[in-house]
Amino acid sequence: LVIGSGIAGLTYSLKVAKQYPGKKVIVITKTQADETNTKYAQGGVAGVWDEQKDSFDKHIEDTLIAGDGLCNERAVEIVVKEGPERIKEIISYGAEFDKEESGEYSLGKEGGHSENRILHHKDVTGKEMERALLHEVQQTPNIQLINDCFVLDLITQHHLGFLVTKSTLDITCYGVYVLNLSTNKIEKVLSSITLLASGGCGQVYRTTTNPRIATGDGVAMVYRAKGRIENMEFIQFHPTALFEPGISPSFLITEAVRGDGGILRNKSGEAFMEKYDSRKDLAPRDIVARAIDNEMKISGTEHVYLDCRHMDKEKFIHHFPNIYKKCLSIGIDVTQHMIPVAPAAHYSCGGVKTDEMSRTSIKHLYACGECASTGLHGANRLASNSLLEAMVFGHRAYLDTIRVFEEMKTDAFDISAIPEVPDWNAKGTTEPKEMILITQSRKELEQIMSDYVGIVRNDVRLQRAMKRLDLLYAETEQLYETTKVSPQLCELRNLITVGYLIVKGAEFRKESRGLHYNTD
């Protein structure tokens, strides 16, 4: 069973389905199969491609520097060294990356990278990779893609009426409860192995580049099941989202634009990055986002500008056709006007803690992609490492699945051996009287997180955020106990849980490091 149809979930699904043609692989997604964070990834996928100029050591070093001392070095080495093989695999599925006239791949450079090593497909790399994977899935008969199913909770022994031990090491996942949106019924899906690939949680903030579905469902479910979560305080804000008040998700202006020569300017037109870092506009994201945040606070404005007026027009339109079109659609010709940009919540570096084979602390449950914390990103993700990570750890979860099936001495992994799983215990049965109770709470949550737990934090703001989250939690649990479950209510519950984990992590950390910046 696979929860999520982005690059992590589909990579794993294809591999296990081809390895075991006799077994059924079910992929559950809460809207349409291609509506994932993967689809919105613009920049590219990093990998050591040109071994004359680049090396594994350089890519490892760049990743460790960005991670600010908190990367798991073994995880970094695994991703960097196994990454190129995984990229070749997705190319074999039909993914196309831009090439030079010579026929060699065109390699981009982004903030924090010491060499050109980023493969890209114009400015829609993730969309192209998702397309290739979904096309391959459609050719694989034993994969069943189920759209419009909202996963409510993992099924563990907590649901089976067992006496649960105090140890959090004895928890087993038997599958999930899902709300089937086409029938409006709650069903149980039992599986010998479950992979969680449920994506990020950007919607916990008011301004985010993440699609509406990125509500941290997987992390919240694992937390409720008493699984290990870590590093949730490290939320990466993309420095340059197109500033359009009231629009969510925000349109991303990829870092590759600065890689090609775009310059950040404040409202006075001054190129300000040199005041903050010698790498100027190509400093790592956390530094650029804080610099922009500071410039906005100094000038009292809601955005700064990205200046591309000096760049070659033909080259810009060729490399960034969608950015060019999007800006034009709101009256900005990038060759004549600067682009208004502001930071937006972009990527969650923490998540469900996994080991180097993608195993979580819950038995029979793997996690990979943005919902997982593999140790690769440490305190700050290096640009274009996340698509790579999803493929590498999707592959490793598959290798471990083979090991598990081959070592299977008993029928412990046979679904028929799973104890009797009760139907979903519906607590509330009435329809919610007013949707406003849910929508207003969600707005309040986004406001609390954006104003108190954003790019720059302090102790008082974190305390205030926690008090307000406590109140939202109490109100929402009361709703959950009395009304019928709906995706809106469950997403709100999951977002409040994720907000709590971000604040709790931020309060635990007594130093500023990477993406967690506390002025106290």
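Trainee: Which residue does Arg-359 meet in a salt bridge?
Mentor: Asp-355, with 2.7 Å from N to O. Keep in mind that this is a predicted model.

Trainee: Is that pair buried, exposed or partly exposed?
Mentor: Arg-359 is partly exposed, at a relative accessible area of 31%. Asp-355 also counts as partly exposed, at 28%.

Trainee: Why would two such side chains pair up at all?
Mentor: Side chains of opposite charge can pair when their charged atoms come close.

Trainee: How many salt bridges are in the whole structure?
Mentor: A search finds 39. One of them joins Glu-255 to Arg-285, where the closest N and O atoms are 2.4 Å apart.

Trainee: Where do Glu-255 and Arg-285 sit?
Mentor: Glu-255 is in the loop between strand 12 and helix 6, while Arg-285 belongs to helix 7. They are 30 residues apart, and the pair links distant parts of the chain.

Trainee: Buried or exposed?
Mentor: Both Glu-255 and Arg-285 are buried.

Trainee: What about Lys-275, what does its side chain meet?
Mentor: Glu-270, in a salt bridge of 3.8 Å from N to O. Lys-275 is partly exposed, with a relative accessible area of 49%, and Glu-270 is partly exposed at 37%. The cut-off for exposed is over 50%, so Lys-275 at 49% stays in the partly exposed class.

Trainee: Which residues are linked in a network of salt bridges?
Mentor: Lys-30, Asp-217, Arg-442, Glu-446 and Glu-491 are. Asp-217 is also one of the buried residues of helix 5.

Trainee: How many residues of helix 5 are buried?
Mentor: 6 of its 8 residues, so helix 5 is largely enclosed by the rest of the structure. Besides Asp-217, the buried ones are Gly-218, Val-219, Ala-220, Met-221 and Val-222.

Trainee: What covers them?
Mentor: The cover includes strands 7, 10, 11, 16 and 17, along with helix 13.

Trainee: How do helix 5 and helix 13 cross?
Mentor: Their axes come within 8 Å and cross at roughly 75 degrees. That makes helix 5 roughly perpendicular to helix 13.

Trainee: Which residues meet there?
Mentor: From helix 5, Asp-217, Val-219, Ala-220, Tyr-223 and Arg-224. From helix 13, Glu-491, Arg-493, Asn-494, Thr-497, Val-498, Tyr-500 and Leu-501. The residues of this contact divide into 6 nonpolar, 2 polar and 4 charged. Asp-217 and Glu-491 also belong to the salt-bridge network.

Trainee: And what comes just after helix 5?
Mentor: Lys-226 is found there, with a positive phi of about 70 degrees.

Trainee: New topic. How many aromatic pairs are there?
Mentor: The search of the whole structure finds 9. Among them, Tyr-177 and Trp-424 form an edge-to-face pair, 5.2 Å centre to centre, with 70 degrees between the planes.

Trainee: Where do those two lie?
Mentor: Tyr-177 is in strand 8, and Trp-424 is in the loop between helix 10 and helix 11. They are 247 residues apart in sequence, so the pair ties those parts together.

Trainee: Which rings form a cluster?
Mentor: Ring pairs link Trp-49, Phe-97 and Tyr-105 into one.

Terms used: Residues are numbered from 1 along each chain as its sequence is written. This is a predicted model: local features need pLDDT of at least 70, side-chain atom pairs count only at pLDDT 80 or more; totals for chains, interfaces and linings use all residues. Side-chain values use heavy atoms; hydrogens and water are left out. A salt bridge is a side-chain nitrogen of Lys or Arg within 4 Å of a carboxyl oxygen of Asp or Glu. Helices (H or I, at least four residues) and strands (E, at least two) are DSSP runs, numbered from the N terminus. Buried means under 20% relative accessible area, exposed over 50%, partly exposed in between (1.4 Å probe, protein chains only). Contact means heavy atoms within 4.5 Å. Axes are lines fitted to C-alpha atoms, for helices over the stretch in contact, and angles run from 0 to 180 degrees between N-to-C directions. Angles under 35 degrees count as roughly parallel, over 145 as roughly antiparallel, 65 to 115 as roughly perpendicular and the rest as oblique. Ala, Val, Leu, Ile, Met, Phe, Trp, Tyr, Cys and Pro count as nonpolar, Asp, Glu, Lys and Arg as charged, and the others, Gly among them, as polar. Rings of Phe, Tyr and Trp (its six-membered ring) pair if their centres lie within 6.5 Å; planes under 30 degrees apart count as stacked, over 60 as edge-to-face and the rest as tilted.
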